[in-house]
Amino acid sequence: MNFNQLKYIVSVDKHRNFARAADECGIAQSTLSREIQRLEKEFQIMIFDRSKHPVVPTMKGIDLILQAKNILQAHDEFVKIAVKKNNLPYGNFRLGIIPGLAPYLLPLFTQQLSEKYSQLNLKIFEIGQKEMEESFENETLDGALTIAPFFKKGFYEDALFEERFVLYLSPKHKLAELPVVKWDDIPPDELILQEDIKQFLLKKESLQTNLPVKKLKNLAFENGSLETIRKVIDRNGGLTLLPHLACLYMGERRLKMVREIVSPALTRTIIFVTPRGFEKNRNTKAIKNEIIANIPKEIITGKV
């Protein structure tokens with residue numbers, strides 16, 4: 001048994017195809033098949049059921065593949081510790097972030113993180129929570145920034161900060177005359193919402209408001225379109241909910257279209273999600289600390 005053989009069975013399990021696994025491992029398919037057969041012969045076991053299409057692991061194979069992943073992860077960590085010359089964050093980190101949060105949060109900390117930790121290579125993916133789960137399962141994501149709660153159990157969720165929602169409205173709307181807006185004042189059938197925010201309202205059972213969320217406007221925008229909605233309202237009128245972070249990027253004219261929501265204030269918790277058994281804790285800690293350090297005080301205090 002050797003590390004290459006372990007890599008081969010993990011790759012075949014990932015792709016459920018010997019040809020694609022061979023491509024990923026950078027070897028000929030015949031070499032990959034021969035090495036896996038040698039491993040099976042060494043222990044007199046069958047790791048994959050080759051009669052199925054796509055190929056699937058046997059019951060014994062499932063246990064062995066899981067153990068192979070653990071061994072390879074431990075090997076990688078050993079190598080990283082051995083070659084590391086200091087205790088600073090090091091290596092690659094694949095970070096997922098929901099599109100409705102990315103344009104407002106990323107500019108606050110990415111440059112500072114890059115300058116402070118030159119040996120940390122951060123790769124960012126704008127993806128939804130469902131895609132985050134799939135990426136975690138495929139081991140193509142190391143951590144993610146999203147809204148609590150993460151819909152999938154079995155992950156670590158570290159709260160970073162609380163953020164209020166604000167009302168963004170046309171200056172021609174009747175609510176524009178009010179300095180602050182109560183939930184009771186908001187007509188739900190006029191709210192044009194980004195889909196993530198709409199779903200957040202619909203599933204937030206503890207929301208202590210009288211806003212009848214089931215009467216929300218039948219027009220909703222998918223991920224990444226908060227700025228599109230804002231421009232629709234600028235031109236056509238209407239109402240929407242925006243995260244408070246969005247106010248950081250508005251000029252004086254557009255800030256006049258923002259109203260604080262009271263009685264009660266609606267907040268969301270921004271969390272950092274990582275899989276259990278995650279080995280890049282030093283990198284995770286550095287990213288979390290840099291985010292928290294660069295959140296403006298007005299976001300924490302809720303001042304518009």
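## A pairing between strand and helix

Which side chain meets Asp158 in a salt bridge? In this predicted model, the partner is Lys288, with a distance of 2.6 Å from N to O. Lys288 is buried, at 18% relative accessible area, whereas Asp158 is partly exposed, at 31%.

## Overall architecture

The protein contains 11 helices and 12 strands. Of its 304 residues, 45% are buried. Among contacts with a separation of 6 or more, 75% involve residues 24 or more positions apart. The protein exposes about 16,700 Å², and carbon and sulfur atoms supply 50% of this area.

## Further salt bridges

Side chains of opposite charge can pair when their charged atoms come close. The structure holds 15 salt bridges. One of them joins Arg94 and Asp142, whose closest N and O atoms are 2.9 Å apart. Arg94 lies in strand S3 (residues 91-97), while Asp142 lies in the loop between helix H6 (129-137) and strand S5 (143-147); the pair therefore connects parts that are 48 residues apart in sequence. Asp142 counts as buried, with 4% relative accessibility, and Arg94 counts as partly exposed, with 27%.

Another salt bridge links Lys130 with Glu133, the closest N and O atoms being 3.4 Å apart. These two residues are three positions apart in helix H6, and therefore about one helical turn separates Lys130 from Glu133. Glu133 is buried, at 7% relative accessible area.

Definitions and conventions: Residues are numbered from 1 along each chain as its sequence is written. This is a predicted model: local features need pLDDT of at least 70, side-chain atom pairs count only at pLDDT 80 or more; totals for chains, interfaces and linings use all residues. Side-chain values use heavy atoms; hydrogens and water are left out. Helices (H or I, at least four residues) and strands (E, at least two) are DSSP runs, numbered from the N terminus. Buried means under 20% relative accessible area, exposed over 50%, partly exposed in between (1.4 Å probe, protein chains only). Contact means heavy atoms within 4.5 Å. Accessible areas come from the Shrake-Rupley method with a 1.4 Å probe; for residues, only the protein chains shown count as cover. A salt bridge is a side-chain nitrogen of Lys or Arg within 4 Å of a carboxyl oxygen of Asp or Glu.
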